[in-house]
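Let's take a walk through a protein model together.

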Amino acid sequence: MSEIKLPGGSDPTKLGYEAARAALTEVVELMESGELELEHSIAIWERGELLARICDEFLANAQAKLAALETEDEEDDD
């Protein structure tokens, strides 16, 4: 089995949101191609799961910040 380059590089946990999302898009395209060997498909799938969790974490943090700002604004209006 040949080596496969996993989207997101060697440490995807250090990616920003946009880079993680782009890598996740690459995972989807690779999976949809149907040209991967089983072992590569599994590795790509696992990388996609990790990238999806990274993106979800960024979005959850952004939502929490927005909620905090909205609460601050409401308190300032009172």
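Start on the surface, where Glu 70, Glu 72, Asp 73, Glu 74, Glu 75, Asp 76 and Asp 77 gather in a patch of negative charge. Before going on, a word on the source: this is a predicted model, where local features need pLDDT of at least 70 and side-chain atom pairs count only at pLDDT 80 or more, while totals for chains, interfaces and linings use all residues. Residues are numbered from 1 along each chain as its sequence is written, and side-chain values use heavy atoms, with hydrogens and water left out.

What makes a patch? Its residues have over 30% relative accessible area and no salt bridge, with like charges joined within 9 Å and nonpolar side chains (Val, Leu, Ile, Met, Phe, Trp, Tyr) within 5 Å. Asp and Glu count as negative, Lys and Arg as positive, and His and the chain ends are not counted. The areas come from the Shrake-Rupley method with a 1.4 Å probe.

Asp 76 sits in helix 2, residues 38-77; helices here are DSSP runs (H or I) of at least four residues, numbered from the N terminus. Is Asp 76 buried or exposed? With a relative accessible area of 61%, Asp 76 is exposed (buried means under 20%, exposed over 50%, and partly exposed in between).

Next, look for rings. How many aromatic pairs does a search of the whole structure find? The search turns up one. Tyr 17 and Phe 58 have ring centres 6.2 Å apart and planes at 70 degrees, so this pair is edge-to-face. The rule for Phe, Tyr and Trp (its six-membered ring) asks for centres within 6.5 Å; planes under 30 degrees apart are stacked, over 60 edge-to-face, and the rest tilted. Tyr 17 lies in helix 1 (residues 17-33) and Phe 58 in helix 2, so the pair ties together parts 41 residues apart in sequence. Tyr 17 is partly exposed at 24%, and so is Phe 58, at 34%.

Stay with Tyr 17 a moment. Leu 59, also in helix 2, is 42 residues from Tyr 17 in sequence and 8.3 Å away in space, C-alpha to C-alpha.

Last stop: charges that meet. The count comes to one salt bridge, meaning a side-chain nitrogen of Lys or Arg within 4 Å of a carboxyl oxygen of Asp or Glu. Lys 14 and Asp 11 form it, at 4.0 Å from N to O. Lys 14 is exposed at 69%, whereas Asp 11 is partly exposed at 30%.

How values were computed: Charge placed at Lys NZ, Arg CZ, Asp CG, Glu CD. Helix = DSSP H or I, 4+ residues; strand = E, 2+ residues; numbered from the N terminus. Buried < 20%, exposed > 50% of the residue type's maximum accessible area, 1.4 Å probe, protein only.
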